[in-house]
Amino acid sequence: MTLNRLLSNDLPRSKLLTAVLLTLFLLLALAPFIAPGVNALSVAAKALIFIVLVASFDLLLGYTGIVSFAHTMFFGIGAYGVAIACSRWDATWLSLGLGIVTALILSLLLALAIGLFSLRVRAIFFAMITLAIASAFQTLASQLSEITGGEDGLNFRLPDMLASGYMYLEQPIFGVSISGRFLTYYILFFAALAMVLALLRIVNSPFGRVLQAIRENEFRAEAIGYRVVVYRTISSVLSALFATMAGVMLALWLRYNGPDTSLSFEIMLDVLLIVVIGGMGTIYGSVIGAVLFVIAQSYLQDLLKLGSDAASGLPWLAALLSPDRWLLWLGVLFVLSVYYFPTGIVGRLRNRAAKL
Amino acid sequence: MALLSTTGLTIRFGGHVAVNAVTCQFAPGTLTAIVGPNGAGKTTYFNLISGQLQASSGSVTLDDVDLSNLSASARTRAGLGRAFQLTNLFPNLTVLENVRLAVQASRDGTHRRGLNLWSIWSDHRELTDRAREILNDVAMQDRADSVVANLPHGDQRKLEVAMLMALEASVYMFDEPTAGMSADEVPKVLDLIRKLRKDKRNTVLLVEHKMDVVRELADRIIVLHNGSLVADGDPATVIASPIVQEAYLGMAPGVQTNGVGA
């Protein structure tokens with residue numbers, strides 16, 4: 001069965017999970033038609049970017065058992081690669097391509113260096129090393145304002161074919177104008193789809209199984225003949241490259257990049273939360289978690305406003321539901337989900353299906 | 001005609017010499033039991049051979065190849081298979097996946113010992129078939145899809161042996177393979193160990209406390225005491241020798257001679 005092969009023989013194994021994944025797939029595939037508004041489409045694009053970012057982090061955390069805080073650094077490298085190339089040079093496909101390739105090479109070298117020098121140490125020390133490197137990189141990015149635009153970041157232009165003013169058809173289809181923006185969204189969509197399928201293939205390859213063995217019992221993996229450092233290093237390099245591509249997607253969509261947009265520690269924490277909520281060690285979990293998180297982040301405030309207005313008769317409840325409290329509620333949702341679904345959404349759904 | 005030999009193998013932890021200049025040869029097709037009181041250095045000696053510890057001095061050679069400077073994983077690839085005293089498996093993977101990982105580690109093929117990133121794991125039929133064959137050998141085929149963490153202790157020990165068999169090593173090292181097993185499970189594991197040297201090419205090393213197990217399996221016993229080799233010979237002679245009676249059995253006869261069924 002071709003679908004089976006496309007999914008690398010890692011089917012969802014739960015009817016509910018299949019339904020959720022299909023719904024998300026259709027929502028994202030048809031987003032420009034379902035929600036043509038600028039804001040709604042941006043939410044969908046952000047979801048696509050986070051799917052790649054989170055899934056690549058899951059390769060590291062969920063499959064290999066490596067705790068790294070430097071993941072947003074690679075995200076930032078991708079975004080800065082595009083931003084710097086396109087703001088210094090003309091807005092051509094060539095500069096865009098050069099920016100992407102340079103970013104990928106830089107990420108590869110950095111991840112390789114971090115991996116070879118520090119993956120031999122214990123997990124907790126590795127986590128601290130990555131934390132230090134990520135902070136150093138963030139400081140560097142805001143200090144080198146000549147190149148990076150400092151705290152203000154960089155606004156830049158992309159090739160005209162991607163601009164929202166560039167019309168491919170004179171008449172809109174189903175009320176949607178077929179513009180450069182429309183094209184950009186579908187570039188993001190197919191890039192995300194291809195990368196998720198690639199990650200699914202990697203984690204289900206003979207290599208991916210060794211990663212899981214290392215996560216489960218590093219000592220034994222070494223004892224049956226696997227060079228653990230080599231596998232870990234390859235895993236962290238791959239994960240860094242995918243994160244870089246997520247950064248490229250971000251820059252393509254925003255046409256802007258700054259330290260807060262791609263390098264902030266807040267994004268790192270979000271990614272960590274999403275992996276746990278979705279279910280560590282399942283690429284599907286990253287997909288579901290990322291979409292849910294981005295939607296919650298974008299619409300929880302609106303939802304709370306509705307609730308707050310409805311509860312205006314009860315001042316204390318209205319105050320609690322004030323849109324400003326959205327972070328509090330997100331936190332509550334997170335604590336509840338970790339408490340009730342320790343194996344994440346996907347783990348929970350698969351367990352349920354296995355018991356039926 | 002030694003397959004495996006250690007020459008002057010020594011390790012010091014600070015001032016303490018845990019294994020002291022142990023020189024010993026192990027011929028193909030033999031099963032050697034290593035006995036000695038607790039703290040005699042048996043497991044440390046094992047760790048030095050399989051590479052979990054690096055020796056302070058001395059060497060380990062397998063088939064005339066010096067392994068002394070190789071890592072544990074490189075020694076495994078060279079043909080040293082090791083099972084551990086405490087069960088040491090991949091707990092959240094299935095029984096089949098555990099064995100298949102060991103098969104994959106041992107065999108070069110299109111999966112290139114796990115460095116293949118772009119094929120689907122379940123497509124490598126030769127790995128799956130071999131893993132199932134081994135599970136049949138240890139009578140665990142019904143458990144293939146169980147998650148290891150949910151297995152009873154005895155099955156986990158059997159799986160340890162199965163993973164060792166999958167490595168297709170030339171030397172197999174067991175550290176108290178029957179520890180903590182119920183009386184009816186012990187013979188099954190002993191049968192599996194016997195099978196491993198059936199073709200007379202493999203060497204088996206066994207650390208074991210239970211004297212009846214040693215008597216039944218071993219064709220040679222070496223005795224370690226305070227890190228030194230103090231006796232070496234066929235089981236009957238070694239067990240009867242005064243040095244063993246004093247150094248080993250004399251230490252705590254109640255515990256040491258208490259084998260299964262004794």
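# Helix packing, an enclosed helix and a buried methionine

Guide: In this predicted model, helix 6 (residues 93-118) and helix 12 (residues 228-254) of chain A pack at an angle of about 150 degrees, their axes 9 Å apart. Helices here are DSSP runs of H or I with at least four residues, strands are E runs of at least two, and both are numbered from the N terminus. Axes are lines fitted to C-alpha atoms, for helices over the stretch in contact, and angles run from 0 to 180 degrees between N-to-C directions.

Visitor: What makes helix 6 of chain A roughly antiparallel to helix 12 of chain A?

Guide: The angle is about 150 degrees. Angles over 145 count as roughly antiparallel, under 35 as roughly parallel, 65 to 115 as roughly perpendicular, and the rest as oblique. Therefore the pair is roughly antiparallel.

Visitor: How do you know which residues of helix 6 of chain A meet helix 12 of chain A?

Guide: Two residues are in contact if their C-beta atoms, placed from the backbone, lie within 7 Å. Among those in helix 6 of chain A are Ile100(A), Leu104(A) and Leu108(A).

Visitor: Why is helix 10 of chain A called largely enclosed?

Guide: Eleven of its eleven residues are buried, so the rest of the structure largely encloses helix 10 of chain A. A residue is buried if 20 or more other C-beta atoms lie within 10 Å of its own, exposed if 12 or fewer, and partly exposed in between. Phe207(A) and Leu211(A) are among the buried ones. The cover includes helix 9 of chain A and helix 3 (95-106) of chain B.

Visitor: How many residues does each chain bring to the contact between them?

Guide: Chain A brings 23 and chain B brings 30. Helix 10 of chain A gives the most to the side of chain A that touches chain B, with eight residues.

Visitor: Why is Met173(B) called buried?

Guide: Met173(B) has 24 other C-beta atoms within 10 Å, so it counts as buried. Met173(B) lies in strand 7 (residues 171-175) of chain B. Leaving aside neighbours within four places in sequence, its contacts include Phe46(B), Ile49(B) and Leu205(B).

Visitor: What is the confidence in chain B?

Guide: Its mean pLDDT is 87, and 93% of its residues reach 70 or more. pLDDT is the predictor's confidence in each residue, from 0 to 100. Over residues 252-262 of chain B the pLDDT is below 50.

Visitor: Which conventions apply?

Guide: Residues are numbered from 1 along each chain as its sequence is written, chains are lettered from A and ligands numbered from 1 in the order in which they are written. Local features need pLDDT of at least 70, side-chain atom pairs count only at pLDDT 80 or more, and totals for chains, interfaces and linings use all residues.
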